[in-house]
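Grab a pencil and work through these exercises with the model open beside you. Try each task on your own before you read its solution.

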Amino acid sequence: MDEALGLAEFCRQLPKVELHAHLSGSVSETTIQKLQVKKGVGHDHAHQGDIAIGKGETRHLEEPFRIFKIIQDLSDTEEAIFTMTEDVISEFAADGVRYLELRSTPRHVPHTGMTPSTYVESILSAIQTCKDREDVVVRLLLAIDRRQSVETATTTVRLAQEYVLRSDGVVVGIDLSGNPAVGDGRDFIPVLKEAQNSGLKLALHIAEISQQATSPETAALLSLPPDRVGHGTFIHHNQDLADMVVDKNIPFEICLTSNVKAQTVASYSDHHFQHWYSKKHPCVLCTDDKGVFCTTLSEEYRHAAETFQLTRPDLWDLSYHSIDHTFGGEDLKQQLRDKWNTEKEKLFQTT
Ligand code: IMP
Ligand code: ZN
């Protein structure tokens with residue numbers, strides 16, 4: 001093994017799978033500046049402190065949701081959505097991400113003429129543009145925001161069903177996200193079932209805040225069951241919920257920095273990753289919102305290694321087994337495994 005390679009560089013060169021990345025939250029400061037110029041608003045319209053939570057800072061969970069709104073207001077045209085998608089894909093690829101599932105909430109912005117369909121088209125068109133240019137396979141989940149009506153959620157699921165065919169398999173599933181303190185996830189169960197019955201995969205934000213450890217929505221959402229759980233921060237606080245996750249072997253999308261910075265976990269060492277990883281339950285390291293939380297996926301691997309004393313082979317295994325939980329289909333999984341095995345030789349070569 002090339003021990004001369006520092007941990008940060010090892011984590012960057014490690015081929016990685018990113019399964020939990022919200023488009024608006026993943027946008028970098030550079031892209032935000034580009035969007036400001038395009039929109040003709042001054043650079044000081046949004047200061048760094050307004051649109052990102054920096055190193056060592058933590059803020060209450062409400063704060064990221066205020067920031068998402070600023071970014072969404074800046075990206076209210078099809079052109080802006082294309083630009084941000086293209087930039088986000090390039091940045092993930094530069095960080096060594098070789099398979100990326102983006103997720104985003106389709107928006108209707110009457111004053112610019114952007115509709116949920118053209119929103120999705122713009123993302124798909126950027127994915128297509130990056131296909132031959134970037135060394136990363138990209139898939140898309142359409143998101144339902146908990147604040148939305150069931151009618152809007154139904155429109156999102158119908159759009160996803162339509163685009164599974166039209167996008168040649170790029171659209172793979174549905175995400176349920178949004179401020180966990182708002183709304184009741186049970187309202188969306190019929191429409192999530194409809195999505196599942198039509199072959200769409202489900203990645204749902206579940207038990208992100210402590211109240212959800214005892215709220216009936218958590219058991220109801222877990223009994224669907226979803227294909228992956230986003231965060232699941234408080235699931236292990238309730239034995240019945242923990243048993244459901246274990247019985248159904250539902251993988252966790254783990255976002256260390258996001259949870260620490262949004263103060264839903266006290267510190268990296270208190271993170272529930274430790275609980276599930278030590279039980280050999282499937283966990284996938286992800287970023288959530290790399291722009292807002294000022295992180296990268298390789299940083300998340302480094303935090304995991306440093307906090308939980310993971311060796312380089314442990315990090316390799318974590319990344320390799322993440323392939324099992326991708327939504328891109330069995331053939332693609334095999335292609336990714338072959339790619340990983342080729343890169344393994346290079347990464348672990350003794351020099
Ligand atoms: P967008 O859907 O691409 O506009 O990405 C931003 C959206 O993702 C936000 O408005 C939220 O609905 C969702 N989101 C991002 N991060 C989180 C999170 O940590 N918890 C719940 N929802 C989130
Ligand atoms: Zn999320």
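**Exercise 1. Find the accessible surface of the protein and the share of it that belongs to carbon and sulfur atoms.**

Step 1: the accessible surface comes to about 14,300 Å², worked out by the Shrake-Rupley method with a 1.4 Å probe, where for residues only the protein chains shown count as cover. Step 2: carbon and sulfur atoms own 49% of that surface.

Before you go on, some ground rules: this is a predicted model, where local features need pLDDT of at least 70, side-chain atom pairs count only at pLDDT 80 or more, and totals for chains, interfaces and linings use all residues. Residues are numbered from 1 along each chain as its sequence is written, chains are lettered from A and ligands numbered from 1 in the order in which they are written, and side-chain values use heavy atoms, with hydrogens and water left out.

**Exercise 2. Describe the overall build: how many helices and strands are there, and how does the radius of gyration compare with the globule rule?**

Step 1: count the DSSP runs, taking helices as H or I with at least four residues and strands as E with at least two, numbered from the N terminus. You get 16 helices and eight strands. Step 2: the radius of gyration is 19 Å, close to the 20 Å that the globule rule gives for 351 residues, so the protein is as compact as a globular protein of that length. (The radius is taken over C-alpha atoms, and the rule is 2.2 Å times the number of residues to the power 0.38.) Step 3: along the principal axes, the C-alpha atoms fill a box of roughly 60 × 45 × 40 Å. Step 4: of the 351 residues, 58% are buried; buried means under 20% relative accessible area, exposed over 50%, and partly exposed in between, with a 1.4 Å probe and protein chains only. Step 5: look at contacts, meaning heavy atoms within 4.5 Å. Among those between residues at least 6 apart in sequence, 77% join residues at least 24 apart.

**Exercise 3. Check the length of helix 7 and work out what covers its buried residues.**

Step 1: the expected span is 1.5 Å times one less than the number of residues. Step 2: helix 7 (residues 116–131) has 16 residues and should therefore span 22 Å, and its end C-alpha atoms are 23 Å apart, which agrees. Step 3: its buried residues include Tyr119, Ile123, Leu124 and Cys130. Step 4: the cover over the buried residues of helix 7 includes helix 6 (78–94), strand 2 (97–104) and helix 8 (150–166).

**Exercise 4. Follow the chain through strand 5: which strands pair with strand 5, and what is the hand of each crossover?**

Step 1: strand 5 (residues 201–206) is mostly covered, with five of its six residues buried. Step 2: strands pair if DSSP finds at least two bridges between them. Strand 4 and strand 5 are parallel partners with four bridges, and Leu176 bridges to Leu204 in strand 5. The chain gets from strand 4 to strand 5 by way of helix 9 (residues 189–197), in a right-handed β-α-β crossover. Right-handed means that, with the strands pointing away from the viewer, the path from the first strand over the helix to the second runs clockwise. Step 3: strand 5 also runs parallel to strand 6 (residues 228–231), again over four bridges, with Ala203 bridging to Arg228 in strand 6. Strand 5, helix 10 (residues 216–222) and strand 6 form a right-handed β-α-β unit.

**Exercise 5. Is Ala207 buried or exposed, and is Gln309 buried or exposed?**

Step 1: Ala207 sits in the loop between strand 5 and helix 10. It has a positive phi of about 50°, although it is not a glycine. Step 2: at 0% relative accessibility, Ala207 is buried. Step 3: Gln309, in the loop between helix 14 (297–308) and helix 15, also has a positive phi of about 50° without being a glycine. Step 4: Gln309 has a relative accessible area of 60%, so it is exposed.

**Exercise 6. Which residues does Thr233 touch?**

Step 1: Thr233 lies in the loop between strand 6 and helix 11 (239–247), and it is buried at 2% relative accessible area. Step 2: leave out residues up to four places away in sequence, and the residues touched by Thr233 include Ile206, Ala207, Asn259 and His272.
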